[in-house]
Amino acid sequence: MHGLEQLIALGPGIGVGSRTFIIQLVLVLGIVVIVAWLFMKRGAKQLAVRRLLIIAFAVFAVLTVLFPGVLTRFANIVGVGRGADLLLYATVLVLLGFLALQEARTKAAEKRTTYLARRLALDEAEQPAAYRGRELGPRADG
């Protein structure tokens with residue numbers, strides 16, 4: 001039972017402050033959303049959403065470079081000890097998002113390639129009558 005207690009101690013504590021719980025909840029929800037996003041079909045809105053996310057993260061990154069003290073204060077508000085840690089967590093979420101996007105693109109490209117290869121094979125296939133004539137030779141009926 002001692003090993004189970006150690007394992008439980010590594011997870012979120014029962015007596016953890018509400019601010020720490022908030023950031024844990026936000027991070028977990030972010031990961032769940034990204035993973036769910038992997039399994040959803042995306043339409044034409046995908047490009048616009050991706051661009052907005054990139055712009056938002058770029059603005060966030062620039063502000064953290066220009067005002068590192070504000071990032072640390074914000075990190076403390078949400079329950080993270082240092083601004084650098086909060087930036088790391090945000091970067092991990094963005095990285096997971098881009099990985100999800102790349103996975104979706106790869107699957108779509110594979111589907112297109114498979115379709116085109118099948119279409120090309122069918123278009124270039126020899127007609128059955130021509131194949132029979134070539135393989136069996138001229139038929140001598142009679």
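A: Of the 142 residues of the protein chain, 11% count as buried; buried means under 20% relative accessible area, exposed over 50%, and partly exposed in between (1.4 Å probe, protein chains only). The model is predicted: local features need pLDDT of at least 70, side-chain atom pairs count only at pLDDT 80 or more, and totals for chains, interfaces and linings use all residues. Residues are numbered from 1 along each chain as its sequence is written, and side-chain values use heavy atoms, with hydrogens and water left out.

Q: How many helices and strands does the protein chain have?

A: Helices (H or I, at least four residues) and strands (E, at least two) are DSSP runs, numbered from the N terminus. The protein chain has six helices and zero strands.

Q: Is Thr-64 buried or exposed, and what does Thr-64 contact beyond its neighbours within four places in sequence?

A: Thr-64, a residue of helix 3, has a relative accessible area of 9% and is therefore buried. Contact means heavy atoms within 4.5 Å. With neighbours within four places in sequence left aside, Thr-64 is in contact with Leu-71 and Leu-87. Thr-64 and Leu-87 are 23 residues apart in sequence, and their C-alpha atoms are 8.2 Å apart in space.

Q: Which residues make the nonpolar surface patch?

A: Nonpolar side chains (Val, Leu, Ile, Met, Phe, Trp, Tyr) are joined within 5 Å. Here Ile-55, Val-59, Val-62, Leu-63, Val-65, Leu-66, Phe-67 and Val-70 make a patch of about 760 Å². Helix 3 (residues 45–66) gives the largest share, six residues.

Q: Where does the lining of the largest pocket come from?

A: Rolling a probe the size of a water molecule over the atoms shows where empty space is left. On a 1 Å grid over the protein atoms alone, a pocket is an open set of points where a 1.4 Å probe fits, with protein on both sides within 12 Å along at least five of seven lines; lining residues have an atom within 4 Å of a point. Helix 2 (18–39), helix 3 and helix 5 (83–124) each supply at least two lining residues of the largest pocket, and helix 3 provides the largest share, seven residues. Of the 16 lining residues, Ile-34, Leu-53, Leu-93, Val-94 and Gly-97 lie nearest the centre of the pocket.

How values were computed: Patches are made of residues with over 30% relative accessible area and no salt bridge: like charges are joined within 9 Å, nonpolar side chains (Val, Leu, Ile, Met, Phe, Trp, Tyr) within 5 Å. Accessible areas come from the Shrake-Rupley method with a 1.4 Å probe; for residues, only the protein chains shown count as cover. A salt bridge is a side-chain nitrogen of Lys or Arg within 4 Å of a carboxyl oxygen of Asp or Glu.
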